[in-house]
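Subject: Structure handover

Hello,

Here is the structure for you to look at. My notes follow below it.

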Amino acid sequence: MADYGLALAGGGTRGAAHVGVLTALEEEGMLPNQIAGASAGSIVAGLYASGMGVGEMRETVRWLARHGKGLIDPDIFGIALFLPQIIFGKKTTLSGLIKGNRMQHFLCDLTKKLDIQGKCKGLLIPAVDINSGETVVFTNLFQEQIPLSALALEHVKWERSGLLCDIMMASCSVPAIFCPRTMKNFLLVDGGVTNNLPVDLLIAAGVPKVLGVDIGEKYKKPHDESIIEIAYNSFTVMSRDLKDCGSSGEVLLLTPPLPKEAGLLTFSCMEECMESGYVYTKKMIPRIKKALEKKS
C-alpha cells in the first residue's frame, strides 16, 4: 500500500466518525503513515499519533458518549459578571462560555503528556493565533529545514514543539464557546477558523498523497436560538465557505453520512457517528485503494 497521509476535518462530536474510518482502514491493513486534523479532527489525529490503538479509541468514544458532558466546565463566574459589565460599560472579562480545563486534563491523561517531538507518529495540527491572525501549524513532519512548499503559504507559522494535549485542546477551542488557550506567545483558538480540513497543509509539509475525511453537514437551521447554537452554526458556515473557496488537492475525499442531530456537544450521538464512519469507509475501500495506487 502506498505511503499516504490522512486529513481529518472538524465537526464537534461528529468527529467520532473519524474513529470509524480508522477502524475500517485498520481492518484492511491501510492505516496512514501521517495524520493531520483540525478541531475535533485534531483529537483523533493526536490520539492516533500518540500511539493509542484504534480499539482503545473506540472504547474512548463509548466512554464519552456516556460521560462526556461531565467534561464541560462552564465559566460560571465570568458568565455572571458579563451582563453587568456590559450594562455599566466596564471591560468584559468573559472569553468563552466553557473554560475547557477539564477537557484538556482528559486529553493530557490520554496522551500521557507526550510532546509532539516525542515518540509520536507523523502529525500536523493547525490552530489560529488571535494575537497575530496567523494559522499556527504544529507538526513533527520536518525536523530542521522547512520545505519551500510550506514556506510559500501566507499567514502560516510553523511550530515544531509543544505538549500534544495542549495543541489538541487549542485546535478544538471553538471561538466564544471555549476559552482561547495560551501557549508560548500565542493566544490560540480552533484551527477550523482558517483550515477545517488541513489537506493543503499536509501536502505543503511534504506528504504527496492525502486522503481527506470531511464530516461537515449540509447547512440546516440551529436547533434553537441559544448562544451556543448561533455561534456554532455561524462557525460552520464560515468553515464551509472557506473550504469551498479552494481545491485542497486530496486524492479522494470521504464524506460519511452522519446523524442529523449530531452537533458540537451532542455526546450521545458519538457511537452512532463512529459506526456510520465505519460502514461508509468499508464500502469505499475499493475506491480508496484505487486512488492511493495512482501515481502522484
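Start with one definition: a residue is buried under 20% relative accessible area, exposed over 50%, and partly exposed in between (1.4 Å probe, protein chains only). This is a predicted model, where local features need pLDDT of at least 70, side-chain atom pairs count only at pLDDT 80 or more, and totals for chains, interfaces and linings use all residues. Residues are numbered from 1 along each chain as its sequence is written, and side-chain values use heavy atoms, with hydrogens and water left out.

First, the whole chain. The protein chain has 296 residues, and 55% of them count as buried. It holds 10 helices and 11 strands. These are DSSP runs numbered from the N terminus: H or I of at least four residues for helices, E of at least two for strands.

Next, the aromatic rings. Rings of Phe, Tyr and Trp (its six-membered ring) pair if their centres lie within 6.5 Å; planes under 30 degrees apart are stacked, over 60 edge-to-face, the rest tilted. The count is 2 aromatic pairs. One of them is Trp63 with Phe106, stacked at 5.4 Å centre to centre, with 15 degrees between the planes. Trp63 sits in helix α3 (residues 54-67) and Phe106 in helix α5 (residues 101-111), so the pair ties together parts 43 residues apart in sequence. Trp63 is partly exposed, at 37% relative accessibility. Phe106 is buried, at 16% relative accessible area.

Last, Ile87. This residue lies in helix α4 (residues 76-87). Ile87 is exposed, with a relative accessible area of 59%.

Best wishes
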